[in-house]
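Subject: Structure handover

Hello,

Here is the structure I promised to pass on. My notes follow below it.

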Amino acid sequence: MKVAVFSTKAYDRQFLSAANSPTQHELVFFEPRLNRDTAILAAEFGAVCVFVHDQVDAPTLEILASRGTRLLVLRCAGFNNVDLQAAADLGITVVRVPAYSPYGVAEHAVGLILSLNRKIHRAYNRVREGNFSLDGLLGFNLHERTVGIIGTGKIGLILGQIMKGFGCNLLAYDVYHNPELEALGGKYVELPELFANSDIISLHCPLIPETHHLINTEAIEQIKPGVMLINTSRGALIDTQAVIEGLKSGKIGYLGVDVYEQESELFFEDLSGEIIQDDIFQRLTTFNNVLITGHQAFFTAEALHNIAETTFANITDIEQGRPCANEIRAQPSDAITVGDR
């Protein structure tokens, strides 16, 4: 199949080309993101492969469909950037990679927790400047602290396993209870109880209408003062302006995020020579108790290999008329669980 691959970096080309060798699909790589302005590049391509920040709305899909595209291949788990109903109406099949590196994402969340707690990012910069003072670097033991996990699919479960190894107590919230987490001693509670009793809250759920701005002013009012908030899932799970107010008041003691609700204008690009115009993001960077990484939690060799392998397995299934377990269709939002499965 002839496949137009958008939003490609050198590492995408490396791993996708390597995985494509056995199947011999015809790949054409495009650096620009897919949107209604760049969709014309995919003319006469039977399949289009996209990533998290490509804008696959109805007008873009209409352009693709009119020029022969019948398969949309997401090389990611999230699909909130795709108009699934429009794709269905236009006869475009949509497939994704539902799980590619749950360990990588969970481990990155733990890295944020440890760095924020022990001020590792600040200590690193101090030592480079010859400053060996310990003032301002005081942390706390993770042992016996309570970690609240929102979304207990694969990633949330692995985070629970790791934090249990530190001796933490586990609280959890999800529409469906994961028996493996319960076997670890995790206790499922409603969100107000989780907010009130957790020393650390980590988000591991998809972005759907019910989870948009899950952490908002009302939620922040309920949280334990000084809480550590971690988000390696979807940026818009957090109302950034409300979180800034929580940081200013001290209600939020630490913030570690790998995602940001307006990240599509920032992440994956080198903007070091430009003036960033996003004032909200820039305000976040002024707090010494905030640690931001640029959507790299997934970024391990294992993950890129798995993404590439599953991507081409999906394409081959559809091309050969076989059922594809990773096909996604428009459905009521309440049919999607909270856990990032």
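Start with strands S9 (residues 200-203) and S10 (residues 227-231), which pair in the parallel sense over four bridges. Ser 202 stands opposite Ile 230 in S10. From S9 the chain crosses through helix H9 (residues 217-222) to S10, in a right-handed β-α-β crossover. Right-handed here means that, with the strands pointing away from the viewer, the path from the first strand over the helix to the second runs clockwise.

Some ground rules. This is a predicted model, where local features need pLDDT of at least 70 and side-chain atom pairs count only at pLDDT 80 or more, while totals for chains, interfaces and linings use all residues. Residues are numbered from 1 along each chain as its sequence is written, and side-chain values use heavy atoms, with hydrogens and water left out. Helices (H or I, at least four residues) and strands (E, at least two) are DSSP runs, numbered from the N terminus. Two strands pair if DSSP finds at least two bridges between them.

Back to S9. Strand S6 (residues 146-150) also pairs with S9, in the parallel sense, over four bridges. Val 147 stands opposite Ile 200 in S9. Ile 200 and Ser 202 point one way from S9, Ile 201 and Leu 203 the other way. All are buried (under 20% relative accessible area; exposed is over 50%, partly exposed in between; 1.4 Å probe, protein chains only).

Now the open sheet of six strands. Its order is S2-S1-S3-S4-S5-S13, with mixed pairing. Strand S2 (26-29) and strand S13 (327-328) stand at the edges with a single partner strand each, so one side of each has no neighbour in the sheet. S1 and S2 pair in the parallel sense over four bridges. Val 5 has Phe 29 in S2 as its bridge partner. Strand S1 (residues 2-5) also runs parallel to strand S3 (residues 47-50), joined by three bridges. Here Val 3 stands opposite Ala 47, and Ala 4 has Val 48 as its bridge partner.

Helix H12 (residues 301-319) lies across S1, S2, S3, strand S4 (71-74) and strand S5 (93-95). H12 runs at about 160° to S4 (axes are lines fitted to C-alpha atoms, for helices over the stretch in contact; angles run from 0 to 180 degrees between N-to-C directions).

Next, the cores. A nonpolar core is a set of buried Ala, Val, Leu, Ile, Met, Phe, Trp, Tyr and Cys residues joined through side-chain atoms within 4.5 Å. The largest has 33 residues, of which Leu 34, Val 48, Leu 61, Leu 72 and Leu 74 touch the most other members. S3, helix H2 (58-66), S4, helix H3 (84-89) and H12 each give two or more residues to this core. A second, separate core of 28 residues includes Leu 194, Leu 214, Ala 219 and Ile 223.

Last, Glu 261. This residue is in the loop between strand S11 (252-257) and helix H11 (279-284). Glu 261 is partly exposed, at 26% relative accessible area. Beyond neighbours within four places in sequence, its contacts (heavy atoms within 4.5 Å) include Gly 235 and Asp 239. Its side chain makes polar contacts with the side chains of His 213 (2.8 Å) and Thr 240 (2.7 Å). A polar contact is a pair of N or O atoms within 3.5 Å; within protein, one must be able to donate a hydrogen and the other to accept it, and residues adjacent in sequence count only if both atoms are side-chain atoms.

Best wishes
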